[in-house]
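The tour below goes from one selection to the next.

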Amino acid sequence: MINGLSKWTTNAGKAINYFLGDTYFDKETEEWKPRDPEPVILEGDPQAMKFICDKLEFKNKYTTGVLSFSPEETANIAANPGLKDKILQDFKDFAFAGVPDDARQFLAIEHTHTGRLEIHYMMPRVHLESGKYRNPFPPNYNGKRGKGHNDAFIKENDSYIDHACAKFGLTNPRDPEVARNLKISAFDKE
C-alpha cells in the first residue's frame, strides 16, 4: 500500500470532478479513456466537501491523496469482506488523531479502472469545532522550505504505512523483497 499526497490544496471542485469523472487521462497512450468501472463514493458528500473547502479563507484549503494498492493487495481486499472498511477506518483514525468522530469531514472515492484498488480521499484543512487551521499531514520541514526538506513528514507517513501493512497483511513498498532496481544515470554526480 502506498499513501500518495497531492500537491493541490485549492479549488476543491476541480479535485472532486477528477475523483468522480467518468473519464481519465492515460499517460501511456496520451488519450482520454472512460473509467470502467465508474468511481464509487465510499464515504462523504462531495457537495458538502466542496462547500466547506470553498468557504475556508486559508491559502491551503484541503488535503487530498490516494491510498493505492497493488493488484495482489486488491485481490486480497476483495476476497476479505470488511477489510477495505477496516483499512479506511484505520487511516481516518491516523489522519484525524485526537479529533472526535462528529468533527471529521472526510470524502473517499474508489477507483478500480486501472485493475487495482485506489481510494482517493479529501479532508478540509480545518478543525470543524473550532474553525482553526488543521493540516492532517503537516510537512514538518527541517528548518528549510522546499523539496528535499521534509524528512520528518516522510518518516511519519512511512511509520503509518509500516503499521498498516503489518496490521492488514499488505505489501510494504520499502520491503527489500519488492524493491525495484535503482537506475542511476551515468552523468549523476553522486
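Begin with helix 1 and helix 2, which pass each other in a right-handed crossing. This is a predicted model. To show the pair, select residues 12-20 for helix 1 and residues 46-55 for helix 2; their axes are 9 Å apart and the packing angle is about 160 degrees. Because of that angle, helix 1 counts as roughly antiparallel to helix 2, the cut-off being over 145 degrees.

From helix 1, pick Ala-12, Gly-13, Ile-16 and Leu-20; facing them in helix 2 are Pro-46, Met-49, Lys-50, Cys-53 and Asp-54. Coloured by class, the residues of this contact come out as 6 nonpolar, 1 polar and 2 charged.

An open sheet is formed by 5 strands, paired antiparallel, and the order to follow across it is 1-5-7-6-4. At the edges are strand 1 (2-5) and strand 4 (40-43); each has a single partner strand, so one side of each has no neighbour in the sheet. From one strand to the next, the twist averages 25 degrees.

To see one bridge pair, select Val-40 together with Glu-110, its partner in strand 6.

Last, select residues 83-95, which are helix 4. Helix 4 lies across strands 1, 4, 5 (62-68), 6 and 7 (118-124), and runs at about 30 degrees to strand 7.

Key. Residues numbered from 1 in each chain as written. Predicted model: local features only at pLDDT ≥ 70, side-chain atom pairs only at ≥ 80, totals over all residues. Heavy atoms only, no water. Pairing = 2+ DSSP bridges. Helix = DSSP H or I, 4+ residues; strand = E, 2+ residues; numbered from the N terminus. Axes fitted to C-alpha atoms, helices over the stretch in contact; angles between N-to-C directions. Contact = heavy atoms within 4.5 Å. Parallel < 35°, antiparallel > 145°, perpendicular 65-115°, else oblique. Left-handed = near helix turned anticlockwise from the far one by under 90°. Nonpolar A, V, L, I, M, F, W, Y, C, P; charged D, E, K, R; others polar.
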